[in-house]
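Here are some exercises to work through with the structure open beside you. Try each task yourself before reading its solution.

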Amino acid sequence: MANQPALDIDDPQVDPFEVAKQAAEYIAEKSGVPHHDVAVTLGSGWGGAAELIGTTVAAIPTDEIPGFSAPAVAGHVGTTRSIRVDKPDGSVLNVLVLGSRTHFYEGKGVRRVVHGVRTAAAAGASKLVLTNGCGGLHVAWQPGQVVLIKDHINLTGASPLESATFVDLTDVYTPRLRDMAREIDPSLPEGVYAQFRGPQYETPAEVRMAGIMGADLVGMSTALEAIAARQVGMDVLGVSLVTNLAAGVSPFQLSHAEVIDAGIAAGPRISKLLAEIIRKI
Ligand code: 8IG
């Protein structure tokens, strides 16, 4: 691996799966963990979960891994962790925790958006948990509400699939994993997640449109990543934290501060839930 030249993920001649293979080899080398079983992407509000999941074996600055972007916000370096979970039956679960994501709205292309998912698959993960913070369309879902994603609407106009790759998305969010999450918390509702490009939040009219289309949640991630995961046959669990009511649903304006505060307030509770889900998966 060390002798292989670094591949440019943005070069159309380069196969993005080869870059993912390089990234997975880099993670295996740095962590000493040759195979990971499960991968988790931590979205807005979910950042505190890593410590609760298990024992950190390695923490790697994400921007040093082949194909990953330098951090969008200066001074905020994303961390990729290899976490070891010792299960009650004596078996060991190696969990790859992706501490940040590249969003489609950054304009770096879909390959970078889904590179973490493809890297996780190349590292051996057959299951993927995608978490996010999002807006809710139902007043009954107040900030702090966790919702299982049962389906999505991809409103980005983009796809991670290149050329004629026809991927079935009937069960994009694996029913068995949703059932498993509800065994931990039977009160968890399910909803349809609409991915907008962003980075602006929706107008009230766009939120109404999303509702008429069948969406319950609006956000700026997850759908493209779930598609990439299904392409390589991973089972996917999508878990949303409603951090705000979507624009026009409540009489109040959206503020980024509100979003951050809801994440902080919900942090300990949702971190515990996520850790339980990973242990059971
Ligand atoms: I956190 O209201 C968060 N992310 N599109 N709309 C969209 N993304 C979001 C929202 C929201 N809240």
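**Exercise 1. Work out which residues of α1 meet α4 in this predicted model, and describe how the two helices pack.**

Solution. Start with the residues.
- On the α1 side, the contact is made by P16, F17, V19, A20, K21, A23, A24 and I27.
- On the α4 side, their partners are H115, R118, T119 and A122.

Next comes the geometry. Two packed helices are described by the angle between their axes and the distance between the axes. Here α1 covers residues 16-31 and α4 covers residues 115-122; the angle is about 60° and the axes lie 8 Å apart. The crossing of α1 and α4 is right-handed.

**Exercise 2. Locate H36 and decide whether H36 is buried or exposed.**

Solution. Look in the loop between α1 and β1 (38-41), where H36 is found. The relative accessibility of H36 is 1%; the cut-off for buried is under 20%, so H36 counts as buried. Then list its contacts, leaving aside neighbours within four places in sequence: H36 touches I27, S31, S82, N94, V95, L96, A123, G124 and A125. I27 also takes part in the contact of α1 with α4.

**Exercise 3. Find which residues of the largest nonpolar core touch the most other members, and which elements supply the core.**

Solution. The largest nonpolar core has 36 residues, and I65, L96, L128, L217, L224 and M234 touch the most other members. At least two residues of this core come from each of α1, β4 (92-98), α3 (110-113), α4, β5 (127-136), β6 (146-154), α7 (223-231) and β9 (235-245). A second, separate core holds 30 residues, including I83, V129, L274 and A275.

Now take L128 as a case. Leaving aside neighbours within four places in sequence, L128 is in contact with A39, T41, V117, A229, M234, D235, V236 and L237. For L224, compare with H36 from the previous exercise: the two are 188 residues apart in sequence and 22 Å apart in space, C-alpha to C-alpha.

**Exercise 4. Describe the surroundings of R178: is R178 buried or exposed, and what does R178 touch?**

Solution. R178 is found in helix α5 (residues 175-184). Its relative accessible area is 13%, so R178 is buried. Not counting residues up to four places away in sequence, R178 touches L148, I149, K150, Y173, E190 and L237. L237 is also in contact with L128.

**Exercise 5. Inspect the backbone at P199, S163 and T222.**

Solution. Take the three residues in turn.
- P199 is in the loop between β7 (190-195) and α6 (204-213). The peptide bond from G198 to P199 is cis, with omega near 0°.
- S163 is found in the loop between β6 and α5. Its phi is near 60°, a positive value in a residue other than glycine. With a relative accessible area of 71%, S163 is exposed.
- T222 is in the loop between β8 (217-219) and α7. Its phi is positive too, about 75°, although T222 is not a glycine. T222 is buried, with a relative accessible area of 0%.

**Exercise 6. Judge the overall fold: how compact is the protein chain?**

Solution. The protein chain has 8 helices and 9 strands. Its radius of gyration is 18 Å, close to the 19 Å that the globule rule gives for 281 residues, so the chain is as compact as a globular protein of that length. Of these residues, 50% count as buried. Finally, among contacts with a separation of 6 or more, 80% come from residues 24 or more positions apart.

Key:
Residues are numbered from 1 along each chain as its sequence is written. This is a predicted model: local features need pLDDT of at least 70, side-chain atom pairs count only at pLDDT 80 or more; totals for chains, interfaces and linings use all residues. Side-chain values use heavy atoms; hydrogens and water are left out. Axes are lines fitted to C-alpha atoms, for helices over the stretch in contact, and angles run from 0 to 180 degrees between N-to-C directions. Helices (H or I, at least four residues) and strands (E, at least two) are DSSP runs, numbered from the N terminus. A crossing is left-handed if the near helix is turned anticlockwise from the far one by less than a right angle, and right-handed if clockwise. Contact means heavy atoms within 4.5 Å. Buried means under 20% relative accessible area, exposed over 50%, partly exposed in between (1.4 Å probe, protein chains only). A nonpolar core is a set of buried Ala, Val, Leu, Ile, Met, Phe, Trp, Tyr and Cys residues joined through side-chain atoms within 4.5 Å. The radius of gyration is taken over C-alpha atoms; the globule rule is 2.2 Å times the number of residues to the power 0.38.
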